[in-house]
Amino acid sequence: MKPSAPPSPRLSAVRGEIVHFLADPAADPRALEHFADGVLIVRDGHVAECGPAAALLPKLPAGTPLADHRGKLILPGFVDTHVHYPQTDIIASHGEQLLEWLEKYTFPAERRFADRAHAAEVAGFFCDELLRNGTTTAAAFATVHAASVDALFEAARARRMRMITGKVLMDRNCPDFLRDTAETGYAESKALIERWHNRDRLLYAITPRFAPTSTPAQMTLAGRLFNEHPGVFLQSHLAENRAEVAWVAQLYPQARSYLDVYARAGQLGTRAVFAHCIWLDDADRRHMAETGAAMSFCPTSNLFLGSGLFDLRRARTLGVRVGLGTDVGGGTSFSMLQTMNEAYKVLQLGGQSLSAASAFHLATLGGAHSLYLDDRIGNLAPGKEADFVVLDPRATPLLERRSAACATLEERLFVLMMLGDDRAVAATHLMGVPA
């Protein structure tokens, strides 16, 4: 018999319990695809096939590397739609609400990113921490310093991560040492777009911090950048805190609402992502849905800073795209499992219920959908980039004990999101390769 040709080194496979989503389970319960004993085949960094082990194992060429994760769950990599990498070192800082938090902790921490060596060291730690928690794609804020953007893109590129980031724009209501101008912010952002956008897995986001720290001139130029460069992202903050909303009304008296400030500046549209979105009315939610702008639900931050309770039901009812964000350092954990945990509690306080399936969808395909990346990431469908996480339901004695008593997949997923953290992440893969 003629020996089998040696397999391509670009071909590999993993075996375990596979869970992913083909659509939103809140709209279609059949959207969850589950293989109790499944195999994921990866070719050239992309998903080739995903299905039952009994059907796929015989198709593997002899000698194909096969990682055996039976007893563990294999899911798409988590998608963090809002996080601040320069705030890594101020996570878990005591007290304050939003505006005081910025003055006391955030601005002094961001000042240090004028030092490129410091930016590079934090960027490397930040990316490693995301991966340790199973997060493979993130939309992250840098600082006002262009070098801080370079540092994060370089760290993400070295790790093969999909990263969205951009230079923060602030030309008022901030310390002099973090202030740019409308013109320099535009010019530096444009140069960064040309240097980084669509390079490997890297994507640029125009990043006005929030309306109060940008003049109308800077907001207009940020909107111009957004419209001049098709395919780029725009990220900012919106209606996080009631005092902030009142401040915006004073600074922009001609605007109907906080959202209207961004709309007037040309900043709404496809790939525009706004964090928090707590203190909005339905007119604003409808406007976001109509323009394709997305919300990032940041529960740990909203609870920690006392900002308020996100209304997921209204966002869904009105058709707004929604993802989950850790919002470190106002947020208290890099773990998307812990973020799902807190999302459940926020919604409980608002008289709403979050199923485990909906939570994991928000952290994977839902997040990808909110970022318009669901054609590339978010589930394990053939052709997608093979980013996935392996979760161990026996990672801690309590998890093991509680998981053993679970009768359904939904219950096991719920236990993972309530009791799990970075210890439950057994492995993270980027483009099919262990991180």
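Tutor: A residue is called buried when its relative accessible area is under 20%, exposed when it is over 50%, and partly exposed in between. Please keep these cut-offs in mind, and note that the model before us is predicted.

Student: How many helices and strands are there in the chain?

Tutor: The chain has 16 helices and 16 strands. Buried residues account for 60% of its 435 residues.

Student: What radius of gyration would a compact globule of 435 residues have, and what does the chain have?

Tutor: A compact globule with 435 residues would have a radius near 22 Å, and the chain agrees with this, having 21 Å. Along the principal axes, the C-alpha trace spans about 75 × 45 × 40 Å.

Student: Let us turn to salt bridges. Is Asp-128, at 39% relative accessibility, buried or partly exposed?

Tutor: The general idea is that side chains of opposite charge can pair when their charged atoms come close. In this structure, Asp-128 forms a salt bridge with Arg-159, with 2.7 Å between the closest N and O atoms. This pair links distant parts of the chain, since Asp-128 belongs to helix H3 and Arg-159 to helix H4, 31 residues apart. Asp-128 is partly exposed because its relative accessibility is 39%. Arg-159 is also partly exposed, at 22%.

Student: How many salt bridges are counted, and which residues are linked in a network?

Tutor: The count comes to 31 salt bridges. A network of salt bridges links Arg-116, Asp-150, Glu-154 and Arg-195.

Student: How should I read a salt bridge whose two residues lie in one helix?

Tutor: An α-helix has 3.6 residues a turn, so residues three or four places apart point the same way. In helix H8 (residues 258–264), Arg-264 and Asp-260 are four residues apart, which means that about one helical turn separates them. Their side chains meet in a salt bridge of 2.7 Å, N to O. Arg-264 is exposed, with a relative accessible area of 53%, whereas Asp-260 is buried, at 17%.

Student: How far apart are Lys-345 and Glu-342 in helix H12?

Tutor: They are three residues apart, about one turn of helix H12 (residues 336–349). Lys-345 and Glu-342 form a salt bridge in which the closest N and O atoms are 3.1 Å apart. Lys-345 is partly exposed at 36% relative accessibility, and Glu-342 is buried at 18%.

Student: What span should the 14 residues of helix H4 have?

Tutor: At 1.5 Å a residue, helix H4 (residues 146–159) should span 20 Å; the end C-alpha atoms are 21 Å apart, which agrees. Its buried residues include Ala-147, Val-149, Leu-152 and Phe-153. Among the elements that cover the buried residues of H4 are helix H3 (116–132), strand E6 (135–141) and helix H5 (182–196). Just after H4, Arg-160 takes a positive phi of about 70°.

Student: Which way do the side chains of a strand point?

Tutor: In a regular strand the side chains alternate between the two faces of the sheet. In strand E10, Phe-233, Gln-235 and His-237 point one way, while Leu-234, Ser-236 and Leu-238 point the other way. Six of the six residues of E10 (residues 233–238) are buried, so this strand is largely enclosed by the rest of the structure.

Student: Which strands are joined to E10 by bridges?

Tutor: Strands of a sheet pair through backbone hydrogen bonds, either parallel or antiparallel. Strands E9 and E10 run parallel and are joined by two bridges; Ala-205 has Phe-233 in E10 as its bridge partner. The chain passes from E9 to E10 through helix H6 (residues 216–228), in a right-handed β-α-β crossover. Strand E10 also runs parallel to strand E11 (residues 272–276), to which five bridges join it. Leu-238 has His-276 in E11 as its bridge partner.

Student: In what order do the strands of the open sheet of seven stand?

Tutor: The order is E3-E2-E1-E4-E14-E15-E16, with mixed pairing. Strand E3 (46–52) and strand E16 (433–434) are the edge strands, each pairing on one side only. Within this sheet, strands E14 (residues 388–391) and E15 (residues 425–430) run antiparallel and are joined by four bridges. Leu-391 has Val-425 in E15 as its bridge partner.

Key. Residues are numbered from 1 along each chain as its sequence is written. This is a predicted model: local features need pLDDT of at least 70, side-chain atom pairs count only at pLDDT 80 or more; totals for chains, interfaces and linings use all residues. Side-chain values use heavy atoms; hydrogens and water are left out. Two strands pair if DSSP finds at least two bridges between them. The expected span of a helix is 1.5 Å times one less than its number of residues. Buried means under 20% relative accessible area, exposed over 50%, partly exposed in between (1.4 Å probe, protein chains only). Contact means heavy atoms within 4.5 Å. A salt bridge is a side-chain nitrogen of Lys or Arg within 4 Å of a carboxyl oxygen of Asp or Glu. A crossover is right-handed if, with the strands pointing away from the viewer, the path from the first strand over the helix to the second runs clockwise. The radius of gyration is taken over C-alpha atoms; the globule rule is 2.2 Å times the number of residues to the power 0.38.
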